[in-house]
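Subject: Structure handover

Hello,

Here is the structure I promised to pass on to you. Have a look at it first, and then read on for my notes.

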Amino acid sequence: MENQETILFEGELDPTFFDEVAALPEGAHLRSCIQCGTCGGTCPVSPMLPHTPRKLFAMIRAGMKDAVLSSPTPWVCSSCYECTVKCPAEIKITELMYALKRRAIREGVRCEDSDADRFLRQFTRIVAKNGRSHELSLLMRYMMFKHPIQMLKQTGLGLRMMGKGRMPLFSHKVRDKESYSRMVEKALELGAQEGGVQ
Amino acid sequence: MRYLYYPGCSQQATGRTYEESLRAVAPELGIELSEMDDWNCCGTTTVMAVNKVLALSLAGRNLALAERAGAKELVTGCPSCALSLSKAHQALTDGSAVGAKVKEALAAGGFEYKGTVKVRHLLDVIVNQVGLEALKGKVRAPLAGLKVAPYYGCQVLRPYPQGDDSERPQNLEKLIQALGGEVADFALKTSCCGGTLVATRAKVGNSMSSQVIASIEKSGAKAIVTPCSLCQTTLEAVQRHSKKLLGHKVRIPVLTITQLIGLALGQDRKALALQRLLAPKACVKELEMRPGAGA
Ligand code: SF4
Ligand code: SF4
């Protein structure tokens, strides 16, 4: 396999990025990363990705903000917490992956080969509105326009699940909608200060 | 034993087999579950990636409702719900800045959480509270000769181990043995099934789940048991593509802990929602008709 390296010039780096990430609650101990590679060694998805968590953290340290925020790694992180429980520096890696996703969404940086952000936001919208998630409308909204082929592939499974009564057509909603919505609205507002979006 | 019960969204949809079989076995185990009134989605791993305060508030509202109902413990069968609820409990009790924001959001909806509720996963309750001896006493149709693969997945163990050792968990093994079954040994017991990636990164997700299936198949297991409804669905669904992914067909039924218990208690397929499994009828039948089932 040909190895392609991109040369970065110092001017393209963001010298404040590392400090910003390290200042987040999720970034606690990030300064103590010893680049041991334990995280990448335990991570079930990183062998299929360009950046292991270790590499991503080296990139953060180097100030490669754009490359970090557009990396597929946080989006493909499955939240398995293997890395978090094994990291000798006690870095909350999984939480840091969430923080990087939120940051990327907020800055409008898209990962070129993943649109998981659309899926996550769609899910959030449904829950913020109804109080309960609903697989069918989520999958429909996510796949219909952008992934019609994949949707067809999955239709067999979807229909089978429906036939088994495991994919209800209608969703439940919370009953006390008024107070629920007040809470959600406030949380969205306060979350935006934390770097979240709607 | 009375518990306040938090079902979680998937438990009443894709994970219906889990909830229905739970309702069937709980009374026999002396567990009385009362479903929490007007619960909402825990936010799971998904909302956390979009808005942290919202994610923690969603889980926090459930904790507040549980506290309001006077519950000391809140039981759920979904590991992901247990994780989200535990995370919110931590944020709301550790004096952190984000915790203060979550409190403010809760207050806007008229909720308050003082921090008195302990979140417990069902597997922990069954093994450590009901207890293995009591469980053994209820077995009418022991799983004799049935080799069962104990598949934990991630979130029942990490980062908040639910009444078990996160490195060397034993609860599922103990459960299988108490029910008279044989434990299948395989490497990927606590590896991720990739279920969260099925929609957004199907290739990676399928590769993870098919590896788990391959590892289980090698062990000679005739059934898989899991404490997680997402794992249950994922491991079932990926076997539909086993020919393509692994080169040959694999058909091993994937049961939730409550379905496995129900089989050993001699309960019937309807009660245990076995007809809702994706595995071919013949495989499920084999489980029901196994020698020693007595029924
Ligand atoms: S395991 Fe921890 S210390 Fe080691 S490379 Fe990964 S983040 Fe750094
Ligand atoms: S939590 Fe994410 S980054 Fe960590 S090991 Fe699992 S998939 Fe990899």
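A word on terms before the details: helices (H or I, at least four residues) and strands (E, at least two) are DSSP runs, numbered from the N terminus. Please also keep in mind that this is a predicted model.

Asp38(B) is not a glycine, yet its phi is positive, at about 55 degrees. Its relative accessible area is 11%, and because buried means under 20%, Asp38(B) counts as buried.

Gln35(A) is in the loop of chain A between helix H1 (17-23) and H2, and with a relative accessible area of 31% it is partly exposed. As background, most residues other than glycine have a negative phi, and most peptide bonds are trans.

Pro159(B) belongs to the loop between strand E5 (147-150) and helix H7 (171-178) of chain B.

Now chain A as a whole. Chain A contains 11 helices and 0 strands, so you will see α elements from the N terminus on. Of its 198 residues, 49% are buried. If you take the contacts in chain A with a separation of 6 or more, 61% of them join residues 24 or more positions apart. The accessible surface of chain A is about 10300 Å², and carbon and sulfur atoms hold 55% of that surface.

Ser32(A) and Ala89(A) are 57 residues apart in sequence, but their C-alpha atoms are 6.0 Å apart in space. Ser32(A) sits in the loop between H1 and H2 of chain A, and its relative accessibility of 39% makes it partly exposed.

Next, the ligands. Which residues of the shell are closest to ligand 1? Of the 14 residues that surround ligand 1, the closest are Cys33(A), Cys36(A), Gly37(A), Cys39(A) and Cys87(A). Helix H2 (38-42) and helix H3 (53-62) of chain A are the elements that give two or more residues to this shell. By class, the shell around ligand 1 has 10 nonpolar, 3 polar and 1 charged residues.

Ligand 2 takes up the space of the largest cavity. The residues around ligand 2 include four cysteines by name, Cys43(A), Cys77(A), Cys80(A) and Cys83(A). Pro44(A), Val45(A), Pro53(A), Ser78(A), Tyr81(A), Glu82(A) and Thr94(A) complete the list around ligand 2. This shell divides into 8 nonpolar, 2 polar and 1 charged residues.

For a link between the two chains, go to Ser179(A). Ser179(A) is part of helix H11 (residues 177-193) of chain A, and its relative accessible area of 5% makes it buried. Leaving out residues up to four places away in sequence, Ser179(A) touches Gly109(B) and Phe111(B).

Finally, some covered parts of chain B. Pro7(B) is in the loop between strand E1 (2-5) and helix H1 (16-25) of chain B. Pro7(B) is buried, with a relative accessible area of 0%. Apart from neighbours within four places in sequence, Pro7(B) is in contact with Gln12(B), Glu19(B), Glu35(B), Trp39(B), Thr76(B) and Cys78(B). Pro7(B) and Tyr18(B) are 11 residues apart in sequence, with 9.9 Å between their C-alpha atoms.

H1(B) is largely enclosed by the rest of the structure, because 7 of its 10 residues are buried. Among the buried residues of H1(B) are Tyr18(B) and Glu19(B), and also Leu22(B) and Val25(B). Helix H9 (residues 229-239) of chain B is mostly covered, with 10 of its 11 residues buried. Among those buried in H9(B) are Cys231(B), Leu235(B) and Val238(B).

Best wishes

Note on methods. Residues are numbered from 1 along each chain as its sequence is written. Chains are lettered from A and ligands numbered from 1 in the order in which they are written. This is a predicted model: local features need pLDDT of at least 70, side-chain atom pairs count only at pLDDT 80 or more; totals for chains, interfaces and linings use all residues. Side-chain values use heavy atoms; hydrogens and water are left out. Buried means under 20% relative accessible area, exposed over 50%, partly exposed in between (1.4 Å probe, protein chains only). Contact means heavy atoms within 4.5 Å. A residue is near a molecule or strand if one of its heavy atoms lies within 4 Å of it. On a 1 Å grid over the protein atoms alone, a cavity is a set of points where a 1.4 Å probe fits but cannot get out, and a pocket is an open set with protein on both sides within 12 Å along at least five of seven lines; lining residues have an atom within 4 Å of a point. A molecule sits in a cavity or pocket if more than half of its atoms lie within 2 Å of its grid points. Ala, Val, Leu, Ile, Met, Phe, Trp, Tyr, Cys and Pro count as nonpolar, Asp, Glu, Lys and Arg as charged, and the others, Gly among them, as polar. Accessible areas come from the Shrake-Rupley method with a 1.4 Å probe; for residues, only the protein chains shown count as cover.
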